[in-house]
Amino acid sequence: MAEEEEVPAILVLASSFGIDIKSQNPPKYRFLEAFSSNLPLLQFLQQQQTLPPSVRAIICNALKPVTADVIRSLPSLGLVVTASAGTDHIDLTECRRRRIQVVNIGGLFTADVADMAVALLIDVLFKISAGDRFARNWGLSKPLGFPFGSKLGGKRVGIIGLGRIGGEVAKRLEAFDCIIKYHSRNKNPSVSYTFYSNVVDLASNSDVLVLCCPLTEQTRHLINKEVMLALGKDGIIINVGRGALIDEKELVQCLVKGEIRGAGLDVFEDEPNVPKGLFPLDNVVLSPHAAALTLDGFKDSCEYVTQSLDTFFSIKPQVS
Ligand SMILES: O=CC(=O)O
């Protein structure tokens with residue numbers, strides 16, 4: 001079956017990619033689905049007799065870790081395409097060592113993630129989700145009152161990570177008359193927003209923190225108890241970056257004790273597990289890492305992933 005062997009085998013780690021990519025005719029790739037098994041990926045691979053040696057590329061997303069052990073079990077792997085901007089779920093050190101190319105989604109989801117950050121903030125301030133729950137039983141509730149929300153205009157918003165997404169969040173919130181400040185690895189000379197090299201100082205001078213930076217060893221638990229206490233009891237945290245940017249246990253405590261006022265969270269430390277301590281809290285809006293999950297964005301990302309495979313396999317037909 002020489003012909004079949006020439007069709008590169010692609011390991012697909014997320015169910016959503018099955019749809020568009022597989023409809024190619026004639027098939028350019030042999031897609032191997034690893035997501036229907038309940039086994040952890042490495043165990044699944046270890047159980048396959050013939051699969052690991054043939055796999056030349058992986059398609060994954062932010063929820064599908066590509067660990068060093070997984071990479072080591074795939075001797076022909078030459079490419080990892082992730083339908084995410086973040087690459088923290090991929091062992092980049094092992095990829096570099098093996099000269100495996102890693103392709104992310106670039107700026108494809110930037111606007112959606114920035115929109116989601118603004119949406120979560122408006123939801124927390126205006127209590128939209130809480131109001132929805134309340135309104136369903138409005139006529140039955142005694143007393144009939146619903147707590148006050150809060151204006152968006154005039155809020156001092158501290159953006160953590162003024163990259164592509166952070167920049168778009170700033171642009172949007174400026175249009176709502178918010179006062180933008182930021183913390184980044186470096187000061188950005190092309191913006192006039194106030195820069196803080198220290199996150200605690202930024203928190204002390206902000207009403208809202210919006211987390212947009214990548215997760216690295218330097219940014220893990222960047223938002224710790226000290227930062228939350230500096231933000232204070234009227235402060236709100238919005239996270240569209242990665243769950244582990246915040247010390248989640250401390251976040252739950254601060255929210256429960258009223259040491260901060262609210263949070264809008266699209267990401268969590270141990271997805272898909274959301275801390276149960278958040279469930280009873282009406283001052284928290286939860287979203288299942290859904291900022292990039294729009295139907296239009298999904299179509300674009302399938303196309304991008306296919307193009308990335310095509311580019312890789314046309315310029316590099318043999319992976320050594
Ligand atoms: O989580 C989504 C992304 O990294 O794009």
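Predicted model: local features only at pLDDT ≥ 70, side-chain atom pairs only at ≥ 80, totals over all residues.
**Entry 1: around β9**

I started with I160, and its bridge partner in β9 is L211. That belongs to a parallel pairing of strand β6 (residues 156-160) with β9, made over four bridges. My note on terms: strands count as paired if DSSP finds at least two bridges between them. Strands (E, at least two residues) and helices (H or I, at least four) are DSSP runs, numbered from the N terminus.

Residues are numbered from 1 along each chain as its sequence is written, and side-chain values use heavy atoms, with hydrogens and water left out.

Next I looked at how β9 pairs with strand β10 (residues 236-239): the two run parallel and four bridges join them. In β10, I237 stands opposite L209.

**Entry 2: the five-stranded sheet**

I then traced an open sheet of five strands, with parallel pairing and the order β2-β1-β3-β4-β5. The edges are β2 (30-33) and β5 (101-103); each has a single partner strand, so one side of each has no neighbour in the sheet. From one strand to the next the twist averages 20°, with axes as lines fitted to C-alpha atoms (for helices, over the stretch in contact) and angles running from 0 to 180 degrees between N-to-C directions.

Inside that order I checked β3 (residues 55-60) against β4 (residues 79-82), and they pair in the parallel sense over four bridges. A57 has L79 as its bridge partner in β4.

**Entry 3: two domains**

The domain assignment gives domain 1 as 9-107 + 296-319 and domain 2 as 110-286; bounds like these come from an automatic or database assignment. I get 32 Å between the C-alpha centres of domain 1 and domain 2. Seven residues from domain 1 and five residues from domain 2 make the contact, where contact means heavy atoms within 4.5 Å.

About 530 Å² is buried between domain 1 and domain 2, and carbon and sulfur atoms give 45% of it. Buried area is the accessible area (1.4 Å probe) that two parts lose on being put together, summed over both. Which three residues supply 67% of the area that domain 1 buries against domain 2? They are L63, D88 and G107, more than any other three residues.

L63 turned up again when I listed what H289 touches: A62, L63, R242, D266, V267 and E271, leaving out residues up to four places away in sequence. H289 sits in the loop between β12 (284-286) and α13 (295-315), and it counts as buried because its relative accessibility is 16%.

**Entry 4: cysteines**

How many disulfides are there? I count zero, taking a disulfide as a pair of cysteine sulfur atoms within 2.5 Å. C178 is in none, and its nearest cysteine sulfur, that of C212, is 13 Å away. At 8% relative accessibility C178 counts as buried.

C254 also counts as buried, at 0% relative accessibility. The closest cysteine sulfur to that of C254 is in C213, 18 Å off, so too far for a bond.

I flagged the peptide bond from E271 to P272 as cis, with omega near 10°. P272 is in the loop between β11 (262-265) and β12.

I also looked for positive phi outside glycine. D177 has phi near 65° and is in the loop between α9 (164-175) and β7 (179-183). With 57% relative accessibility, D177 counts as exposed. H221 has a positive phi of about 55° and lies in the loop between β9 and α11 (225-231). H221 counts as partly exposed at 29% relative accessibility.

D115 and L173 are 58 residues apart in sequence, and their C-alpha atoms are 10.0 Å apart in space.

Technical notes. Buried < 20%, exposed > 50% of the residue type's maximum accessible area, 1.4 Å probe, protein only.
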